[in-house]
Amino acid sequence: MTLDELRATAAARHDTCAQIKKMIVSRLDLPIEPAWITDDQPLFGRGLELDSLDVLELYVAIEAEFGVALYDSDMSVFGSVSRLADHVNPALVEQAPAGSA
C-alpha cells in the first residue's frame, strides 16, 4: 500500500467517523458537540452512556443514512465510533494494513 493510499484510507475513516458522530448527536438529541466524541470512546457505560432505546434509534439511523442493516448479532459494533465506522464502511477494513483493524 502506498502512502497516498494510506492517506486516502485515513481520510475516508475520518469522514465516516465524523458522519457517525454527527448522526449520533442529531438522532439522540445529545446536548454535546459531535467533535467531543472521540473515535475510540465507548458508546455504552462510562462512554456516552447510551441505553437500549438509544441503540434501537441508532439501528434505524444507520440503515437510513448508510444503507447498512444491523442485527442483534452485530451489537459489538457499538463498542465505539471507530468500530461502527468499520462496519458501515467495510472498505476501511479491506484497505487497512494488516494488524491495524
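What share of the 101 residues in the protein chain do buried residues make up? The answer is 36%, with buried meaning under 20% relative accessible area, exposed over 50% and partly exposed in between (1.4 Å probe, protein chains only). Keep in mind that this is a predicted model: local features need pLDDT of at least 70, side-chain atom pairs count only at pLDDT 80 or more, and totals for chains, interfaces and linings use all residues. Residues are numbered from 1 along each chain as its sequence is written, and side-chain values use heavy atoms, with hydrogens and water left out.

View 1. Reading from the N terminus, the elements go α-α-α-α. Helices (H or I, at least four residues) and strands (E, at least two) are DSSP runs, numbered from the N terminus. Take the contacts (heavy atoms within 4.5 Å) between residues at least 6 apart in sequence: 52% of them join residues at least 24 apart.

**View 2. Phe-44, Tyr-59 and Phe-78, linked into a cluster by ring pairs.** Rings of Phe, Tyr and Trp (its six-membered ring) pair if their centres lie within 6.5 Å; planes under 30 degrees apart count as stacked, over 60 as edge-to-face and the rest as tilted. There are two aromatic pairs in the structure. Phe-44 is partly exposed, at a relative accessible area of 27%, while Phe-78 is buried, at 1%.

**View 3. The stacked pair of Tyr-59 and Phe-78.** Here the rings are 5.6 Å apart centre to centre, with 15° between the planes. Tyr-59 belongs to helix α2 and Phe-78 to the loop between α2 and α3, so this pair ties together parts 19 residues apart in sequence. Both Tyr-59 and Phe-78 are buried.

**View 4. Helix α2 and its two ends.** Asp-51 caps the N-terminal end of α2, with a side-chain oxygen 3.1 Å from the backbone nitrogen of Leu-53. Just after α2 comes Gly-67, which takes a positive phi of about 70°. The buried residues of α2 are Asp-54, Val-55, Leu-58, Tyr-59, Ala-61, Ile-62 and Phe-66, and their cover includes α1 and α3.

Notes: Polar contact = N/O pair within 3.5 Å; in protein donor to acceptor, adjacent residues only side chain to side chain.
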